[in-house]
Amino acid sequence: MTGPTPVRQTSHVTNAARTEFFQQIKPCCVSISKTASKSEQSALDSRFLIKLVQELLDHLSAQVQRDSSALDKNLADYIFFPLSHIFKYQEKHPLTLIELALRCLTIIIFHGWKSNIEPKLVQQLLLFLTFVIGGVPSQTQTRSISEEATLESLRALKTLIIAAGKSAAASASLVDASGIPALGHAIAVLLDCVSDGKTPEIQVESMKTLCAFFEAVRDDAALASFLPGTVSSLAKVASTPAREKRRVLVSAIKTLQTILVRVLSDIRTRVLSMKLEKEELKKSHESIENFADKQDNSSEQDSERTDKGKVWTPSWLKATAGQVKMALATVLKLAKSDEDEIRSALERLCVSLLDECHKSLDNCAPLLVETAMALSDERIDQDLMTTSLPDLAMVYPELGDSIKVTVYNWATALPRVMQSADDSIKQRAVRNLQRGLKLASAMDFASATLDDAVSAALRDSIMQLIASAKTPHVVDEVETMELLSGSTELATTPETRLSTFRPVIMNHDSQTTIRGEILDLLRSMGSASQQVKLATEMVDYLQRSMGDTQVSAFWLSLELFKAAFQQDADIDAFLTFSDGPSESEAAFHELYTFSVTVLDSHSNFQDIDWRVEALALETISLAASRSKEGFRPELIDVLFPMTSFLGSENVQLRHHAIVGLNLTAFYCGYSSVSELIIANADYMVNSVSLKLNTLSITPTTNKVLQMVVKLAGPRLVPFLDDVVTSIFSALDNYHGYPTFVGSLFNVLNEIVNQGVKSDQLLLENSPADDMLIEKKKGPKHWMTISEVKQALARHEERRLRREKEDLEFDNIASHPKRPWKASDYKQSSRVQEIFDEKDQQNSEASEGEPKRKLGEEEGEEEPPQPTEPEKPPPTPTYAILSKIAKLTQHYLTSPTPALRKSLLSLLATVSPALAPDSTAFLPLVNAVWPVIIQRFYDSEPYITIAACETLSALCSSAGDFMSSRFRDEWKNRLHSWMIRAKKDASAGGQTNRLTAVTDSFLPGIIVPLQNELPSANPNAAISGPALGAGGAMPMSSLGRFAQATKVWEATVQLLVAMLRHIRIEDGMYDEILELLADRLNDEDVRSALETINPDAVWLALYERGQLPTEGLFRPAGEGFEFLDLVKVES
């Protein structure tokens, strides 16, 4: 006996599950039926029903999740019976109960009845659910339905219509004579929910239900009657994007796509389209002849009478196409949205209609093509499983023509759009043109007319953007100087702050996005050859244009070449066809030549738009990036013009020059701009010298040289000998122009500042300098008792040795018969010691007087002395600095105070660098001393301060060489001047003093140095107020910032330098101590005074009561007695 088959086993299992499920729901259903059938319902009954229906819903949900096949049509009918009592009196029951019952209904429709639902039941449920959602039309709604109940009703209605659509009888019942009114009412209610739904969930569910209706109904005429209202409602929702949620708009677009394809697809309307074409063909004939034509007319009239009263006709199709176009024009405005879901849904709508409704909606094709191009997504275009616009263009040639027309219209309209004040419109127009050109290139839609239109549109658009641009953002001056004053070493890659050009056009912050969009457009304009062709046309145009037109053409050509080079680089990474110059390189050379001409024009002082010059700098950098180290020969033509922009008054142009130099140095293989300039210093310096020698000089040239020296550093200084000579030659010719002279001395100052940093000021291993000058005074050493004992012992030993040698000499030799010779006494150490002492005394004689050693005969020839090696010549850097310092003295009498101060600062800077070579430095000090000391008595206080600093530097550099000069000047004038300066600072500027200016160029002129109210006491400036706390000098109302105070402070620092570095006579020291007695609390002043005579400092402190006397004991001695120290009041 064979076992049961699998089908019988499955059926047995299902029956068992069905029986078990029936036993579970039977008590609930019986209780619901018994309670719901009561004519009067109490609150207790309602709560009991809610509990029962909830239990029933739980059983249904659990069974569906476990095994939905157990719920068949019979069980669905059994469950629906008690629920029908609730639906029959739904107005008497709570909304919560209705909601639970609707959930149960949805489950039994979807899993129980399925496609076996009865047509009559479909009509009844359709009416019931419609009334639940929208209310009974002829009755006033007594209560408002909740959002949850509405949502559950829509879900139940959607499930009902889907189930009806699977049954031919049920689907037909929707459009028969008895069902069509209910269907129309249902769709009207759904459209109200779509437009005015309380929540986005209700709106979305209504649209899904609406789609279910159009999918379930199989009668084209019925659908045609509902189409206009449906499309109108969906277009209304799409026309208010600000009010609706994103998911509502996306659902509306997808619903519209589904409905239009369902009703107006070419498959369904092919008969109507053929009739419509036939009618249009007949109407195109101008005359109708013969009886056959009359017979055809009568046939046509019969056909019109036959179609009268029908909806599904050719005339309806034509009228509907026009209305749909208007609705699509409204819906497709959502293409401006930035939401990806909306844009994707619109793109799918356009492509689907172009594909499915190609003939029926052919009047909408241009609009759909334009929108699909604007919304095209590369990910969708590359998806082989999804139909895209390029795929349709290959199938339908007329779509290709629409694509060409659309791209041309976008290109010609671009300049007009760029005049708009809305940046989003500009960006959208550029993106659309980019997508259109990319699509045209991919489909090989080559057209000379289109290329010319795009070229003109781009040029005119850039002009419009330049004209409408706001004031450009100017680079901060501090930032530019920071770039110059910072390290000149380049990074290993050019992606740094120093190596990024700022935008020349569209440089405002608000134009950043549109500039990026245009750059993306240029990069996507076809192949590299097409970009080069367009760039070449731009180069030809810019050479014969001016103003904004030239700037726009220049910028476009440069960016197109960059894009073409990038494409060539991507191709060359895989394929290399030739080693010769490419087409793009040959075309770019023309732009490079024009750029070099622009830079040369700047050097020749021609007036050129700074934006053109900035773009020329970018072109040079691009050429350097292409040629790498092969670009070095081109530096002969471009390096000096590039550096000349460093002195430009335009901050942006100056920044471009800095970045251009950095990039050029990087691509040419130099580690820094300094190395770039030094490696090419020969013709760089020659170019500057040529301009100086030919008197073709401007302040820009001077700034260029100054910045070049600053960038290059100390290594460039040895090459500037001719430049320094030319500068002083120019000073002789232009000495009457203070500003220009100041700029020349700024260059010299920079040369000095860089030169003193050099580590090659003196040659290595050079012979020691024979002019030994003490430059630093140390504290006096006091001998201890042990050192005194050792000195006495050495003296006694030397005395005994001399006595012994004298006895030996007397015993050996008698009285000489002839004069002594050197050979006679050199054998005696005693005699030689006497000669050495004498020679030491003779060494202090004058340098010009010939000296003769003791015992040397006049006629006796000295033995040949070994020749000293010749001193090597100074290094070029030292020679240049010495030359600048020597020639500067002639300009210290300039009538311009700022220049005098600058020159004094120059001498103060250069002195320490020149000091190691005393032979060359001391004559220089002797030469500049007279003019520097005259600046000390200058009428301008800040010149006096600068002179103090310079004299202090000379003291520390020349040492005792300055002692005699200060000694003479101290007696003549310096001491009295310092006394007056101290009194002026002490008086605090309260007197209206007049001081005679004794400059060589302003003799005898009285200049008021301070213009304040005269003091009531004419001797107030002489006596002065008492010292403040700590011995500090009282200050004026301006405090330490008063001019007299600053002058006195600088004078004090000069006195400190004199005490530390030069030899001071006793009388001069006493006068200095008297001047500085009030400053002994200053550690620097006190240590400088104690270097020479600490006892005098102690006595000065004691006299002023600044030393404590407590704890000091009086020493005792034989034959004398010390007095007690008397405390002196301060």
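This is a predicted model: local features need pLDDT of at least 70, side-chain atom pairs count only at pLDDT 80 or more; totals for chains, interfaces and linings use all residues.
In the protein chain, helix 43 (residues 1020–1023) scores lowest, with a mean pLDDT of 34, and helix 27 (residues 610–627) scores highest, at 93. The chain average is 79, and 78% of the residues score at least 70.

Next I looked up helix 20. Residues 423–442 form this helix of 20 residues; from first C-alpha to last it reaches 29 Å, close to the expected 28 Å. I listed its buried residues, among them Lys426, Gln427, Asn432 and Gln434, as well as Val430, Leu433, Leu437 and Leu439. The buried residues pack against helix 16 (365–374), helix 18 (389–395), helix 19 (397–417), helix 21 (448–467) and helix 23 (512–523). Just after helix 20, I noted a positive phi of about 60° at Asp444.

I then checked helix 44. Its 19 residues, 1043–1061, reach 27 Å between the first and last C-alpha, close to the 27 Å expected. I counted this helix as mostly covered, with 15 of its 19 residues buried.

Last, I went to Trp312. This residue sits in the loop between helix 13 (290–307) and helix 14 (314–331). What does Trp312 touch, not counting residues up to four places away in sequence? I found Asp220, Ala221, Ala224, Val263, Arg268, Thr269 and Leu272. Leu223 is 89 residues from Trp312 in sequence, while their C-alpha atoms are 9.3 Å apart.

Notes. Residues are numbered from 1 along each chain as its sequence is written. Side-chain values use heavy atoms; hydrogens and water are left out. Helices (H or I, at least four residues) and strands (E, at least two) are DSSP runs, numbered from the N terminus. The expected span of a helix is 1.5 Å times one less than its number of residues. Buried means under 20% relative accessible area, exposed over 50%, partly exposed in between (1.4 Å probe, protein chains only). Contact means heavy atoms within 4.5 Å. pLDDT is the predictor's confidence in each residue, from 0 to 100.
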